[in-house]
Amino acid sequence: KRIQRKTLGELLDALKPYYIESTSTCLQDIFEEWLDYKRTITDSPNTICAHRKHWRRFFDGTDFFQMPLQEIKVSDINSWANQLIKKYNLSSHAWQTIKTIPKQMFEYAKDHGYIARNPFPELKVTVKFRQVSKPTSETQVYNTNEYHNIIEDLWKSYDKKHEARFLSIVCNFLMGLRAGELCALRWRDLNMDKWEISIIQEMVHMDATELSNPYYDVYKTSGQIVILPGQEGRKGVYVLLDHTKTHTERVIPVVHKAQEIFQLLRSNAPDAQPDDFIFGYGSKYLNLRSINSMLEYACKHICTDVKRSHKLRKTYASRLNAAGLPLDQIRACLGHSNTTTTLGYIYNPLTPEESLSIMEKAFFQLILSKIPLSQEVTGSSSNSQTQKSRKPLIFQGFQPFDIACVRGFEPPTFWSVAKR
């Protein structure tokens with residue numbers, strides 16, 4: 001049989017079936033092998049944990065993943081994928097997330113000679129994904145009333161216990177950090193001369209079993225991964241990574257109210273060392289769970305629905321947007337790589353009354369002009385009538401309004417740190 005192809009690569013692919021021994025190797029057989037390879041090309045142990053979690057839920061032991069790799073056809077992949085999406089009623093985002101595993105496993109299988117050709121790129125999804133609507137502002141951000149009430153409650157907790165952790169949430173309303181970045185803040189990161197703060201580290205929660213893999217020993221030795229003390233015997237442990245989620249250091253300005261808080265904390269800890277955590281208390285360190293616990297208690301005190309730590313970040317972005325800060329500057333403060341991601345954080349942080357007030361003021365300041373087109377015209381005595389015509393209303397244009405007049409953009413009186 002004569003075999004011809006246009007390129008050398010295509011010719012070698014066509015010849016592989018004649019030289020590669022037929023085997024019954026399946027995706028199930030090479031999962032751990034692929035995962036070991038995946039560890040060598042990613043810096044995130046949590047990515048490995050996520051892959052293992054998705055594997056157990058969606059793929060482990062299923063018929064498709066036990067089919068011999070060399071026998072899998074495009075039709076088999078199409079049938080499996082579409083049935084999976086229907087079975088779990090997946091959204092497009094969820095499918096794209098879990099599809100990473102089979103997609104990369106097929107690529108690995110081809111690169112390592114298990115199959116001659118990778119059929120996965122020919123996959124076609126024909127079923128409908130679950131529609132996902134953007135959540136409402138009420139569930140995603142703290143509105144002005146909630147914003148003031150929860151901050152007041154946290155100040156009361158601080159006055160009662162004098163623990164810096166309560167002010168960490170107040171600060172994050174003013175900085176918009178990821179929860180892990182907030183926990184990892186050290187005094188060395190804060191420049192109190194320029195009033196800038198450098199975001200260079202992040203605290204994450206990791207699976208202890210995964211972290212015990214010898215592969216991570218070099219990271220622990222070099223300090224790229226630091227296991228925090230006091231967690232012996234736990235299934236999950238808090239660790240410090242030497243980078244942020246996007247592996248990009250950023251510097252954000254510290255606004256005046258946050259400056260006052262940092263000055264207060266510094267005056268209460270005059271012996272603090274540069275490597276000490278800003279929001280540590282005693283021998284303890286602030287962690288992701290404690291942030292959410294404080295939010296839960298505070299929301300309970302002010303009788304509002306609980307919004308967890310990531311909602312502080314969205315509230316920060318939304319308030320900056322409502323105050324008129326350019327979107328690209330909000331993106332830079334949040335540490336996003338593009339403004340599309342930032343747009344997903346923008347909601348309405350105002351109360352319904354505040355929103356209506358702005359709308360009323362916008363239209364109230366329209367200049368309306370009514371100019372008659374003709375004066376009254378009188379006809380003959382036998383057939384006299386009054387004809388009146390007016391020119392349509394003319395919008396002369398919007399006048400700019402000062403958004404600072406809306407309640408919520410003035411600092412609350414109880415924030416006066418000087419009195420404390």
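## Charges over rings

In this predicted model, Lys134 lies over the face of Tyr347, 4.4 Å from the ring centre. Lys314 lies over the face of Tyr345, at 5.9 Å from the ring centre. A charge sits over a ring if NZ of Lys or CZ of Arg is within 6 Å of the ring centre and within 35 degrees of the ring normal.

## Aromatic pairs

Rings of Phe, Tyr and Trp (its six-membered ring) pair if their centres lie within 6.5 Å; planes under 30 degrees apart are stacked, over 60 edge-to-face, the rest tilted. The count comes to 21 aromatic pairs. Tyr215 and Tyr216 have ring centres 5.4 Å apart and planes at 80 degrees, so this pair is edge-to-face.

Tyr215 is partly exposed at 26% relative accessibility. Tyr216 is buried, at 4%. Buried means under 20% relative accessible area, exposed over 50%, partly exposed in between (1.4 Å probe, protein chains only).

One aromatic cluster includes Phe31, Trp34, Trp55 and Trp95.

## The second largest pocket

The second largest pocket has a volume of about 320 Å³. It is lined by 17 residues; Arg178, Lys245, His310, Arg313 and Tyr345 are the closest to its centre. On a 1 Å grid over the protein atoms alone, a pocket is an open set of points where a 1.4 Å probe fits, with protein on both sides within 12 Å along at least five of seven lines; lining residues have an atom within 4 Å of a point.

## Basis

Residues are numbered from 1 along each chain as its sequence is written, and side-chain values use heavy atoms, without hydrogens or water. Local features need pLDDT of at least 70 and side-chain atom pairs 80 or more, while totals for chains, interfaces and linings use all residues.

Note on methods. Points joined across faces, edges and corners; volume = space filled by probe spheres on them.
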